[in-house]
Amino acid sequence: MSARSIAIVPLSQLVPGQEADLFALLSAKEELTTRDGKRYCRVAFRDHAREVSFPIWAESPHAADCAANWTVGAFYKLRAAYRQTNYGPQLDIERIRQITDADRADGFDPAMCRPRSRFDVEALHAELLRVAETEIRRPELQSLAVDLLTEHREAICALPASERLHHAYAGGWLEHTHSTLTTAIFLADRYLAQYPDLRPPLDRDLVVVGALLHDIGKLRELAPTPLGAELTAPGHLIGHIVQGRDLVREAAAGRDIEPELLLRLEHVLLSHHETPEYGAPKPPMTPEALLVRYADDIDAKFHMFTQALASDTGDGPVTSKKNALGRHIYRGE
């Protein structure tokens, strides 16, 4: 960057017309061609809260460097002006280079550029522990949940909930699990009151533990990256559903958990995606598994809806179908 003094401002805090130095993660780069045969690159830069996607045209002074050297997943320092155009927000780049160690003295931290939960992950983790300790009556199930959450606290706080479909950012696992758990407890209490004569009775403990641990296998399925997460080798070959069952089995070894109770808990985890198409070896076959399955599903689907509405730049009554759900979403005239 030049010696001219200019403020360093987070990308997400820039306002239209503002020029600043900023740190950003290159989150996408794609070589494209216009209808007239003109080649260009579409790039996207982001910090933890905003992503800006725009073209680098062939006549740009940065075109050759972009095509040859700009690397998705790398961090950059830019001097740029933030513009709001008819095609959405864009950056007019004056200067750009990759981050160096010296930039840390100016406040650079990789975490400032990575997508992350808008919630306090430490508070979410503490809340999950509180629920495990106060809402699970059986000591053996309570200790199972608390020990798994405690042993893997550091990894859980950084873990996305998925590779790309929903809550695909640091802390996403906690955000999604907390929401799933809250909904599952609501449903369990509702149906316990509505069906007091159900035999066998709805097991509230199994709903709570199942919701808390339904995605615990993602500790082995996903490896966090600057852009979110990628599948590990076990993630590709086995998936989080079976690995979650394995983690629970391993943690249950040596504990005084009745085989029937452990079997029913394993079934909650194994069936929470319902169909083989989505990785479940069995559909929900108990009331507890059914409630966790739909608590999980509504939170994932609702997040996909919000992301589709937030990211679509069109101005028509419906979004495009280029979203995680693969469908138009109506937003009104």
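A nonpolar surface patch is built here from residues with over 30% relative accessible area and no salt bridge, nonpolar side chains being joined within 5 Å. The legends below apply to a predicted model.

**View 1. A nonpolar surface patch formed by Y191, Y195 and L198.** Y191 belongs to helix 5, which spans residues 172-194. With a relative accessibility of 30%, Y191 is classed as partly exposed, because that class lies between the buried limit of under 20% and the exposed limit of over 50%.

**View 2. The crossing of helix 5 and helix 11.** Helix 5, the helix that holds Y191, approaches helix 11 (residues 287-311) so that the two axes come within 8 Å and cross at roughly 135°. Helix 5 is therefore oblique to helix 11, since an angle has to be over 145 degrees to count as roughly antiparallel. The crossing in which helix 5 passes helix 11 is right-handed.

**View 3. The packing of helix 2 against helix 6.** Helix 2, formed by residues 121-135, packs with helix 6, formed by residues 204-213, at an angle of about 160°, and the axes of the two helices are 11 Å apart. This angle makes helix 2 roughly antiparallel to helix 6, because angles over 145 degrees are placed in that class. The crossing of helix 2 past helix 6 is left-handed.

**View 4. The salt bridge between E135 and R204.** The side chains of E135 and R204 meet in a salt bridge with an N to O distance of 2.9 Å. Because E135 lies in helix 2 and R204 in helix 6, this pair ties together parts that are 69 residues apart in sequence. The two partners are also described by their accessibility: E135 is partly exposed, at 25% relative accessibility, whereas R204 is buried, with a relative accessible area of 16%.

**View 5. The salt bridge between R137 and D205, and the network around this pair.** R137 and D205 form a salt bridge in which the closest N and O atoms are 3.7 Å apart. R137 is located in the loop between helix 2 and helix 3 (139-151), while D205 is located in helix 6, so the pair ties together parts that are 68 residues apart in sequence. R137 counts as exposed, at 64% relative accessibility, whereas D205 counts as buried, at 1%. The pair is part of a network of salt bridges that links R137, R138, D203 and D205.

**View 6. The salt bridge between R39 and E31.** In this pair, the closest N and O atoms of R39 and E31 are 3.2 Å apart. R39 has a relative accessible area of 57% and is exposed, because the exposed class begins over 50%. The salt bridges in the model come to a count of 25.

**View 7. The chain as a setting for the close-up views.** The chain contains eleven helices and seven strands. Taken along the principal axes, the C-alpha atoms fill a box of roughly 70 × 45 × 35 Å.

Conventions. Residues numbered from 1 in each chain as written. Predicted model: local features only at pLDDT ≥ 70, side-chain atom pairs only at ≥ 80, totals over all residues. Heavy atoms only, no water. Patch = residues over 30% accessible without salt bridge, like charges linked within 9 Å, V, L, I, M, F, W, Y side chains within 5 Å. Areas by Shrake-Rupley, 256 points an atom, 1.4 Å probe, with all protein chains shown as cover. Salt bridge = Lys/Arg side-chain N within 4 Å of Asp/Glu carboxyl O. Helix = DSSP H or I, 4+ residues; strand = E, 2+ residues; numbered from the N terminus. Buried < 20%, exposed > 50% of the residue type's maximum accessible area, 1.4 Å probe, protein only. Axes fitted to C-alpha atoms, helices over the stretch in contact; angles between N-to-C directions. Parallel < 35°, antiparallel > 145°, perpendicular 65-115°, else oblique. Left-handed = near helix turned anticlockwise from the far one by under 90°.
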